[in-house]
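Here's a quick briefing to read alongside the model. Have the viewer open and follow the topics in order.

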Amino acid sequence: MADEATQELSVTPDAVAAGTTTVSDEVVEKIAVAAARSVPGVTELGGDVARFFNAVLDRVGLDQVGDARRGCSANVTNGAAVVNLVIVIEAGRTVPEVTEAVRVAVTQAVEAYGLRVDEVNIRVDDVALGGPAAPTA
């Protein structure tokens, strides 16, 4: 038995095990949020309630909790994603320009991970007027 030769087997595509790969909705949500935040004119993500709770979490030192997916929901089916975003835009920006830039950024980012994007639906929830509120007399 000491004389037995060791055979090397090369791995060919036919020899690779079969299986499936799925990408969770949460992964697409994180990718989409990062892409949307990178667009000039997007100041915040999430609706009024989400932003309120985020402000509370910020005050108690939990400022990173929930930020990665806030303002986004996604549904991935058969390698295709539908992404829904809720954004706040900067005052003075035009809604069509900002939302189109968000669609392009999100689509490119998600497709870079090998998925197809069927829809990017955007709801503009608020406009950020910038600066602190003026005191009233």
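Accessible areas here come from the Shrake-Rupley method with a 1.4 Å probe, and for residues only the protein chains shown count as cover. On that basis, the protein has an accessible surface of about 9300 Å², with 54% of it belonging to carbon and sulfur atoms. Bear in mind that this is a predicted model: local features need pLDDT of at least 70, side-chain atom pairs count only at pLDDT 80 or more, and totals for chains, interfaces and linings use all residues. Residues are numbered from 1 along each chain as its sequence is written, and side-chain values use heavy atoms, with hydrogens and water left out.

**Overall layout**

- You'll find three helices and four strands in the protein; helices (H or I, at least four residues) and strands (E, at least two) are DSSP runs, numbered from the N terminus.
- Reading from the N terminus on, the order of elements is α-β-α-β-β-α-β.
- Of the 137 residues, 28% count as buried, where buried means under 20% relative accessible area, exposed over 50%, and partly exposed in between (1.4 Å probe, protein chains only).
- Take the contacts (heavy atoms within 4.5 Å) between residues at least 6 apart in sequence: 74% of them join residues at least 24 apart.

**Helix H3**

- Helix H3 covers residues 95-111, and its 17 residues should span 24 Å at 1.5 Å a residue; the end C-alpha atoms are 24 Å apart, which agrees. The expected span is 1.5 Å times one less than the number of residues.
- Which residues of H3 are buried? They are Val98, Thr99, Val102, Ala105, Val106 and Val110.
- As a reminder, an α-helix has 3.6 residues a turn, so residues three or four places apart point the same way.
- Pro96, Glu97 and Gln108 sit on the other side of H3 and are exposed.
- The packing partners of the buried H3 residues are helix H1 (25-37), strand S1 (42-45), strand S3 (80-90) and strand S4 (116-128).
- Thr99, in helix H3, is buried with a relative accessible area of 10%. Leaving aside neighbours within four places in sequence, Thr99 is in contact with Ile87, Ile122 and Val124.

**The nonpolar core**

- A nonpolar core is a set of buried Ala, Val, Leu, Ile, Met, Phe, Trp, Tyr and Cys residues joined through side-chain atoms within 4.5 Å.
- The largest one has 26 residues, and those touching the most other members are Val28, Val83, Leu85, Ile87, Val102, Val106 and Val110.
- H1, S1, S2, S3, H3 and S4 each supply at least two residues of this core, and H1 gives the largest share, six residues.
- Val110 touches Val28, Ile31, Ala81, Leu115 and Val117, not counting residues up to four places away in sequence.

- Ala74 lies in strand S2 and is buried, with a relative accessible area of 10%.
- Not counting residues up to four places away in sequence, Ala74 touches Asp25, Val28, Glu29, Val82 and Val83.
- Ala74 and Glu26 are 48 residues apart in sequence, yet their C-alpha atoms are 7.3 Å apart in space.
- Asn78 is in the loop between strand S2 (72-77) and S3. Asn78 has a positive phi of about 55° although it is not a glycine, and counts as exposed at 77% relative accessibility.

**Salt bridges**

- How many salt bridges does the structure hold? There are three, taking a salt bridge as a side-chain nitrogen of Lys or Arg within 4 Å of a carboxyl oxygen of Asp or Glu.
- Glu90 pairs with Arg93, with the closest N and O atoms 3.9 Å apart. Glu90 is partly exposed at 32% relative accessible area, and Arg93 is partly exposed at 37%.
- Arg116 and Asp118 meet through their side chains at 2.9 Å, N to O. Arg116 is partly exposed at 45% relative accessibility, and Asp118 is partly exposed at 45%.
- Arg123 and Asp125 form a salt bridge at 2.8 Å, N to O. Arg123 is partly exposed with a relative accessible area of 45%, while Asp125 is partly exposed at 22%.
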